[in-house]
Amino acid sequence: MKNKSLGKNAFLNGLRSVLNIIFPIITFPYVSRILSVGELGKYNWSNSFVSYFWLIAGLGIATYAVREGAKLRNNRKRISEFASQVFSINILSTVASYVLLLLCILIFPKVQSYSACIYVFSIQIVFTTLGTEWIYSIFEEYTYITVRSIVFKILSVIMLFIFVRKQGDYLNYAGITVFSAVGSNILNYLHAKKFCTIRFTFKIDWKAHLKPILIIFASSVAAKIYLSLDTTLLGLINNNYVVGIYSVSTKMYDVVKQLIAAVLTVTIPRFALLWGRNRYREYRKLLLQISDVLALISIPAAVGVFMLAPQIVVLLSSAKYIRAVSSLRLLCPALIFSIFSWIFTSCVLIPAKRENKVLIITIISAAANLILNLLLMPSLEENAAAITTSLSEAISMLLGIYYSKDIIKRLYDKGFWKDILLYIFGALAIVVICICGNSIFKSTIRIILFDVILSSLEYALILLGAKNKFALDVLEYILRRFK
């Protein structure tokens with residue numbers, strides 16, 4: 001099987017991420033004006049609560065499947081046996097997840113008040129399992145899932161404007177969200193037969209699969225604690241209003257993070273393939289390239305979101321959510337830390353089969369997040385959640401560097417750090433432009449257009465003026481296309 005073009009895959013996955021971004025950009029301003037802050041808080045708390053059981057059902061299988069399956073994809077028989085065993089483990093973990101979810105609803109009175117919304121969101125658990133999206137990652141097949149996303153996102157937007165018309169329609173909004181995310185997963189399962197044969201089986205090599213899956217799962221649980229526990233604790237310690245405010249901040253943060261991470265996601269199977277086949281020189285070259293590109297994107301993105309936070313909140317929600325500006329700004333450092341943490345865990349430690357180190361990293365980060373949230377949330381509310389998220393991501397990144405140091409040793413040379421300084425300089429120029437835009441204009445739209453357009457041009461000119469390799473390659477590609 002030929003390797004797919006990373007450039008094409010990055011474009012397709014970026015397009016899919018853009019679609020995932022456009023959906024909330026179109027829908028969230030509409031929904032935030034229709035629903036009350038409390039209803040939005042109930043929606044987000046229920047989604048956060050179900051995500052823990054979605055995590056149990058997933059069991060770390062997707063990460064493990066991509067890592068191991070990438071080495072088998074040229075042999076249909078072996079990949080079919082592997083995929084069937086992994087899928088069967090996933091089915092069993094999904095059943096266990098639903099049993100635990102029902103027990104929690106029956107036992108805890110606090111949870112029962114959210115039960116209707118929880119039931120709606122729980123549909124995505126089984127459909128995610130049936131979707132077997134890890135198959136498409138193994139085969140670096142992004143065309144199909146991109147086309148699928150376009151169709152279902154369009155249908156979801158249409159359904160939103162039809163079925164979410166007044167306060168109280170938050171259950172309809174939850175159902176449409178689920179449809180948008182996993183509505184096509186039955187088609188995924190059927191289409192996967194093109195690549196391998198997947199069936200349920202009890203003939204599972206538990207010895208080979210269980211230990212690495214459980215270690216990755218434990219890491220996923222710990223990561224979930226510091227990524228989602230903040231929303232859950234806000235609902236328990238504070239109230240739905242605070243959750244609603246914080247949900248605006250995290251929505252904007254997630255939108256930017258998804259777009260940046262689109263570049264990284266498509267490279268993970270390639271990293272697993274190169275490391276698994278001992279092609280270390282190609283592996284390190286790709287790692288350096290990806291690190292440089294993500295630094296180029298994430299540093300100015302974090303600064304831009306920080307400077308435009310008031311305008312972003314007003315444009316994508318409404319003035320009643322203006323309190324979300326402070327927590328959004330406190331989340332901005334996490335944009336950089338989380339991306340580089342992801343590089344060292346998913347692109348270095350996981351391919352190198354050091355999932356035990358990933359577990360240590362996530363446990364330490366999760367423990368820090370939990371303790372700080374419990375200490376700070378009663379007084380700082382949603383700002384505490386944002387602060388602890390940024391700190392946890394920073395801890396995760398630093399520990400990732402520490403445990404990867406023998407692999408990345410001498411990888412990040414003077415040229416790389418010179419580029420980092422260049423990106424920081426470009427980001428500082430963005431600050432100046434945003435200050436000018438805020439002084440010149442009063443209109444939210446005009447401020448955003450002025451700041452984004454001028455900042456993008458300024459940043460590109462600085463990179464080209466400094467003869468940045470990536471910027472020059474992009475310029476050469478554009479000129480070649482227009483000849």
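1. One aromatic cluster is formed by Trp 45, Phe 49, Phe 53 and Tyr 114. Rings of Phe, Tyr and Trp (its six-membered ring) pair if their centres lie within 6.5 Å; planes under 30 degrees apart count as stacked, over 60 as edge-to-face and the rest as tilted.

2. This is a predicted model: local features need pLDDT of at least 70, side-chain atom pairs count only at pLDDT 80 or more, and totals for chains, interfaces and linings use all residues. Residues are numbered from 1 along each chain as its sequence is written, and side-chain values use heavy atoms, with hydrogens and water left out.

3. The structure holds 15 aromatic pairs. One of them is the stacked pair of Trp 45 and Phe 49, 5.3 Å centre to centre with 10 degrees between the planes. Both residues lie in helix α2, four residues apart, about one turn of the helix. Helices here are DSSP runs (H or I, at least four residues), numbered from the N terminus.

4. Trp 45 and Tyr 114 have ring centres 4.3 Å apart and planes at 25 degrees, so this pair is stacked. Tyr 114 lies in the loop between α5 (109-112) and α6 (115-131), so the pair ties together parts that are 69 residues apart in sequence. Trp 45 and Tyr 114 are both buried (under 20% relative accessible area, 1.4 Å probe, protein chains only).

5. Helix α2 is mostly covered, with 16 of its 22 residues buried. Leu 59, which follows α2, has a positive phi, near 55 degrees.

Note on methods:
Buried < 20%, exposed > 50% of the residue type's maximum accessible area, 1.4 Å probe, protein only. Helix = DSSP H or I, 4+ residues; strand = E, 2+ residues; numbered from the N terminus.
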